[in-house]
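Hello,

Here is the structure I said I would pass on. My notes on it follow below.

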Amino acid sequence: MDISEFAQVVINWLDQNQSQFIEMADQIWRTPELAWKEFKSSRLQADFLQKEGFSVTWNVGDLNTAFIAEWGEGKPILGFIGEYDALPGLSQKNQPTKEAIDDGGPGHGCGHNLLGTGAVASAVAVQKWLKSNGKSGTVRYYGCPAEEKGSGKVFMARAGAFNDLDAALNFHPSSINMPAKGGAVGVNAIYFRFFGQSAHAGGAPHKGRSALDAVELMNVGVNYLREHVKDDVRMHYIITEGGKAPNIVPEQAEVYYFIRAAKPDYLAEVVERVHKVAEGAALMTETTVEIRFEEGCSALLSNHYLADLQYQAMQLIGPIKFTQEEIDFAQTINNAFPGTNSDYIDDMIEYYKPSPEIVAALDEYRDQPLVGRNFIALDERIIATGSTDVGDLSQIVPVSMLETTCFSTGCPGHSWGNVATGGMSIGHRGMMHAAKIMAVTAVELYSDPSHLVKIRQEFEQKTGGKPYVPMIPEDAKPPRYEPDGDQTPEE
Ligand SMILES: [Zn+2]
């Protein structure tokens, strides 16, 4: 059999067995759980994979909602990367008009119910295929908590969970089908707490040393620093504590920063300079500063060879065919957000500056609320200025973050509209499309190991052979919540 026949086997298997995965995605959608508390979602997937013959290890990186499910033997070892955390306040019914199931409750506004389950489906399809062909190789599913809090995978990476992978496959729900070649900046989240001396602000201000002054001067300093850093750097802050009353010189004040940059070394350099600004502010105000690193994740590197393999798989699979009912559903959602369809296409053209052929192909969707077609990676020259913990994974193992259409055209991220489509057939189609693309790509990698050699060469060239250094301090501990009732995640 040649590769396209092998591919057809996994595609057919996924078509014939999709109902169980759709039910899994819907069950996670119906019981949305916030970052670090994904007890039911992780358990549901781990139990399923165990029944399918995978061996399950809990508590990866000391996270009680992280697990690895493994099947098979020897090399190559491919990782399917899943997530399952929801977002606060986004509860929404799977209908095209805004209405919460549970007012103020969480909802899957980023489609992680599909993200994790699509990876589970893909891993199982590949396992069945390896089994029936008697091929050697290991399939691993990684249940990764707290992507929305930005750091579940960082703790897993620090524990070495991804070290022996040959490649990793993951996808993210989106408004387009496209493999990724772009990068994303890394981030450090840091609290700066200043300690001064309180005094009556009217009666004895000369006796006071204001911690709030230090915060404000630090921010002024950082705003001047902004001119003298590279273009990809982003520094943003909020004041988390500014004192108790105007007539009391604030004894304590705190500012919370996100600092982002594309290269890990440069990010570390900028963070060091921000530390100096903080120390300078403390010196000026005769206060002291305590710097508390909260979390961080590394810049994202995309493996272009892997992205090209995924595009080949997409061409074999064909586009997603949405029904008129689904198109109408998506259009109703888009109507609730101003100008979505056409603006989205304009933004894509402006942002990615694609070739004239791609512009023409995108133009076809100018009035369409769903994009079913497969696109090549349009983001080759782009370094996104948001961050993801897939970045840490990408510094250890070659990965390309596939996107598939699970949401209506350009519906804003983290919105009720995305919760709605992620809980019905539009999201299901996008999820199964991703499962097929990742499975066909995996079949290609298991069948022809020469791909992995090229993928590795590109990876070595991009990382410059530098070992991965996690952004989090050695002694940083992840947040840990205990499940109530019978949701115990540990065996
Ligand atoms: Zn997400």
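Subject: cavities, sheets, domains and a pocket

The element that gives the most to the lining of the largest cavity is helix α15 (residues 450-463), with three residues. Please keep in mind throughout that this is a predicted model.

**Cavities**

Searching the whole structure turns up two cavities of 30 Å³ or more. The largest has a volume of about 50 Å³. Its lining consists of L301, S302, N303, S394, P398, E458, F459 and K462. Sorted by class, three residues in the lining of the largest cavity are nonpolar, three are polar and two are charged.

The second largest cavity has a volume of about 30 Å³. It is lined by W36, D62, L63, N64, T65, P145, P478, P479 and R480. Here the classes are five nonpolar, two polar and two charged residues.

**Domains**

The domain assignment divides the protein into domain 1 (3-183 + 299-463) and domain 2 (186-296). Domain 1 and domain 2 meet in a contact that takes 10 residues from each of them. Taken over C-alpha atoms, the centres of domain 1 and domain 2 are 38 Å apart.

**The pocket between the domains**

Of the elements, α7 gives the most to the second largest pocket, with five residues.

**The four-stranded sheet**

Four strands make up an open sheet with antiparallel pairing, in the order β8-β9-β7-β10. Which strands stand at its edges? They are β8 (234-241) and β10 (288-297); each has a single partner strand, so one side of each is left without a neighbour in the sheet. From one strand to the next the twist averages 20°.

Seven bridges hold the antiparallel pairing of β8 with strand β9 (residues 252-261). In this pairing, R234 stands opposite R260 in β9.

Two helices are found against these strands. Helix α7 (residues 264-285) packs on the sheet and touches β7, β8, β9 and β10, with its direction at about 10° to that of β7. Helix α6 (residues 211-225) lies across β7 (186-195), β8 and β9, and runs at about 20° to β9.

**The six-stranded sheet**

Another open sheet is formed by six strands in the order β1-β2-β4-β3-β5-β12, and its pairing is mixed. The edge strands are β1 and β12 (399-405), each of which pairs on one side only. The twist in this sheet averages 20° from one strand to the next.

Strand β1 (residues 55-58) pairs with strand β2 (residues 67-73) in the antiparallel sense, over four bridges. Across this pairing, S55 stands opposite E70 in β2, and V56 stands opposite A69 in β2. Strand β2 also runs antiparallel to strand β4 (residues 137-144), to which seven bridges join it. There, I68 stands opposite Y142 in β4.

**A loop residue**

Q95 is placed in the loop between β3 (77-83) and α4 (112-133). Which residues does Q95 contact, leaving aside its neighbours within four places in sequence? They are F329, W416 and A420. Q95 and F329 are 234 residues apart along the chain, and their C-alpha atoms are separated by 7.8 Å.

Regards

Definitions and conventions:
Residues numbered from 1 in each chain as written. Predicted model: local features only at pLDDT ≥ 70, side-chain atom pairs only at ≥ 80, totals over all residues. Heavy atoms only, no water. 1 Å grid on protein atoms, 1.4 Å probe; cavity = no way out; pocket = protein on both sides within 12 Å on 5 of 7 lines; lining within 4 Å. Points joined across faces, edges and corners; volume = space filled by probe spheres on them. Nonpolar A, V, L, I, M, F, W, Y, C, P; charged D, E, K, R; others polar. Pairing = 2+ DSSP bridges. Axes fitted to C-alpha atoms, helices over the stretch in contact; angles between N-to-C directions. Contact = heavy atoms within 4.5 Å. Domains from an automatic or database assignment.
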